[in-house]
Amino acid sequence: MNTWTKKPVTRQQIAPLCTKFGLDELTASILFRRDITDASELLYFLENDLRFQHNPFLFSSMEDAVERIITAKEEGEKVLIFGDSDVDGITSTAILYECLCDMGLDVYWRLPLADAPYGLSIEAIDELANQGGTLIITVDCGISNFVEIQHANELGIDVIVTDHHNPQEALPEAIIIVNPKVEDNNYPFKEISGAAVAYKLVSALRFAETDFYNAEICIIDINYSEEEKLFYSDCVKIKNLIRVKELHEKIIPGKTSIYDLRLPYFLQGQLIYAWNSKNTKDILAQIFGSGIEFNINDLSSDISRLFPSLRSKTPIELKDLSKIGKYFDEENTSINALYNLYVSYCKKIIATKYPKQIQNEKNDLQLVALAALADVMPMKNENRIFVQNGLQTIKKEGPRAGLAELFNKLKLNREAITSKDLSWTIIPALNAAGRMGQSNVSLELLINKNPKERELIANKIYDFNEERKALVSEAVFTIKDISEKSFQKNNNKIVAVFHEKINSGVTGIVASKLMQEYNVPSIALTYSGDVCVGSMRSCRGFISTQFLDKFQDFFINHGGHDFAAGFSFTKDKLLQFFQIIEKESRNIVLSDSEEVLNIDAEISKEHMSVQIFDLLEKFEPYGSDNSELIFISRNIPICDGMAVGKKDPTSLKLVFDYGKIKIPAMFWGQGNRLNNDILIGQNYDIMFTLDRNYFNGISSPQIIIKEIRKS
């Protein structure tokens, strides 16, 4: 039985969270137990405004990518978008394709089909060259396509790589690479999906359509300290809404020489803004005399037209009102408040002037949300904003075209949809087409403009998904004995199986099931023509790409993420591959396999209430690095129970009596335990997660039992 562990928390420890962020003690204690106490992390658990996502121009190469695509539009170049066959690749392609079509580019797309290997292909490059094309943009791939990109260069075709996979030590010779994991890319968060990278490119392209693109301004804020008898001068230069340069100086009247100051040179030739231009001009005249004249625009008059309540505020008061400022005490200065306010002002102007951009962004974020969950991106930082906003739009406005037809086919209630529902229903269905070698079908569903055709495509995807389930079941049954022998042969450290009956499209799922069964890194291989293709799924701290990199010369190609990777090699190397695995297994080090279940909180009989279930939405979305909340209650009697379900094993439907409230519960697959070790009237300690049951449009709280022990 698993160990239940609850990290001790005192009121003194959580008091700062409650006071500063207005949290109740239960929410604060859960955050504390999950080590989410740093302001930069808390921000993304307490806020979901798109204002808090990172600016796409923080990618050092983003402006170059935008300029190259604008040139392609102006010159009428033919452009190819090359994606991948999984959900991340399909959504990436759809996001960029729709944007470039809206911009009026001559663009088409390609994905790997049938048994085609992962990544950009020579065939696709040659096809574009024959059509007179001159630009390729890869999405969710490209970072490992050295040979292919070199071939494109030789044909005079430029390649922009947008990817998020782990790069090798060297990089391909693409003209532009947009990848958060590439060294010196300057993007503040590395763990975003390929679709998120494509979305960032699209966001930058849309911004380039506005008056603010490449506009440079300088904001100045000068304050006098009566206590110190000096001026504090703070300036920030802004381009594409990011800070490109800053200057902070102290000026002592009558003592600081004008020749010692950098401020005049910093302001020279700039479009300057101050919150109160008249007051700032007077201060500068006091410092520099009337010999130097600054042309300063008034920021408050512009901004207060959109935000009238701020008209009479001072920069110091604006600082205290800043929402983002409360998360960063040391950085919550007047100049930062003015910068953040200016960004909000620009975004408000853009939303008003370009409403279509806002709707397109909502549609894109539904796909970015799917990609984040499909590629098991950590549910922290801006990934939380992506998924929250994607889910919110689905619930309030309905799924976008393509997803709407699939929701209907799978009989999903959009108003009750959660991140878990997307992971267990929509994502496997969209992935199924790619696993059947027809990833183009899922992409067509997302970009097709004809509703009737989308319905037919959704039916086709549903059939693919049923076929995929059958193939996985058959494969797992076929390799049962082989996998056990592999586990033992490889020192109980790794499982590697080959069988020609494994469909090449389901090697990843098979590897994942092996990993879950044996709790060790696992590999599944099969033939694809004259090549062996394989997928690796990892766990217990073992990084799959680092393992495969050790013998990279062995592969035709390989790549992926820390815990999910793919590779291929020639048929004649199959025996040698297993020999390598057996040899390397002796050196594999895995973290402890005993499962310790960290409890988020204990809910006593007296404190259980319907309001507790609001925590479910507070911590959504769940996924990697943000697992479902786990609670325990002790000495709670079962007042009713019955086995439900027609198939074996049946499940248990129970009702727990908390005194003031009775809470229904489901215990999946445990129907045979009723009247054996689970008795009505007996008291139990239970470990559970929160859930909502939707029936006939009505939502009611229930809990899902994970473990139960007699009190």
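Reader: What should I know before I start?

Author: The model is predicted: local features need pLDDT of at least 70, side-chain atom pairs count only at pLDDT 80 or more, and totals for chains, interfaces and linings use all residues. Residues are numbered from 1 along each chain as its sequence is written, and side-chain values use heavy atoms, with hydrogens and water left out.

Reader: How is a pair of aromatic rings described?

Author: Two values describe a pair of aromatic rings: the distance of the centres and the angle of the planes. Rings of Phe, Tyr and Trp (its six-membered ring) pair if their centres lie within 6.5 Å; planes under 30 degrees apart are stacked, over 60 edge-to-face, and the rest tilted. Here the count is 23 aromatic pairs. Phenylalanine 21 and tyrosine 327 make a stacked one, 5.2 Å centre to centre with 20 degrees between the planes.

Reader: Where do phenylalanine 21 and tyrosine 327 lie?

Author: Phenylalanine 21 is in helix 1 (residues 11-21), and tyrosine 327 is in the loop between helix 12 (315-321) and helix 13 (334-353), so the pair ties together parts 306 residues apart in sequence. Helices (H or I, at least four residues) and strands (E, at least two) are DSSP runs, numbered from the N terminus. Both phenylalanine 21 and tyrosine 327 are buried. Buried means under 20% relative accessible area, exposed over 50%, and partly exposed in between (1.4 Å probe, protein chains only).

Reader: Which rings have a charge over them?

Author: The test takes NZ of Lys or CZ of Arg: within 6 Å of the ring centre and within 35 degrees of the ring normal. The charged end of lysine 409 sits over the ring of tyrosine 462, 4.9 Å from its centre. Lysine 573 has its charged end over the ring of phenylalanine 554, 5.0 Å from the centre. Phe554 also belongs to an aromatic cluster, with Phe551 and Phe555 among its members.

Reader: What is a nonpolar core?

Author: In soluble globular proteins, nonpolar side chains tend to be buried together. A core is a set of buried Ala, Val, Leu, Ile, Met, Phe, Trp, Tyr and Cys residues joined through side-chain atoms within 4.5 Å. The largest core here has 103 residues; Leu100, Ile219 and Tyr342 touch the most other members. A second, separate core of 48 residues includes Ile36, Ala39, Ile663 and Phe667. Ala39 is also one of the buried residues of helix 3 (residues 39-46). Those buried residues pack against helix 1, helix 2 (25-33), helix 15 (382-397) and helix 24 (615-618).

Reader: Which residues of helix 7 are buried?

Author: In helix 7 (residues 146-154), they are Glu148, Ile149 and Ala152. Seen down the axis, they fall within an arc of 95 degrees, so they line one face of the helix. The arc is that of the directions from the helix axis to the C-beta atoms. On the other side, Val147 and Glu154 are exposed. Helix 6 (122-130) and strand 5 (158-162) are among what covers the buried residues. Glycine 156 follows helix 7, and its phi is positive, near 80 degrees.

Reader: Is serine 442 buried or exposed?

Author: Serine 442 counts as buried, at 0% relative accessibility. This serine is in helix 18 (residues 439-447). Contact means heavy atoms within 4.5 Å. Not counting residues up to four places away in sequence, serine 442 touches Ile90, Leu430, Ala433 and Ile461.

Reader: What about lysine 460?

Author: Lysine 460 is in helix 19 (residues 451-478). Lysine 460 is partly exposed, with a relative accessible area of 42%. Lysine 460 and serine 442 are 18 residues apart in sequence and 9.3 Å apart in space, C-alpha to C-alpha.
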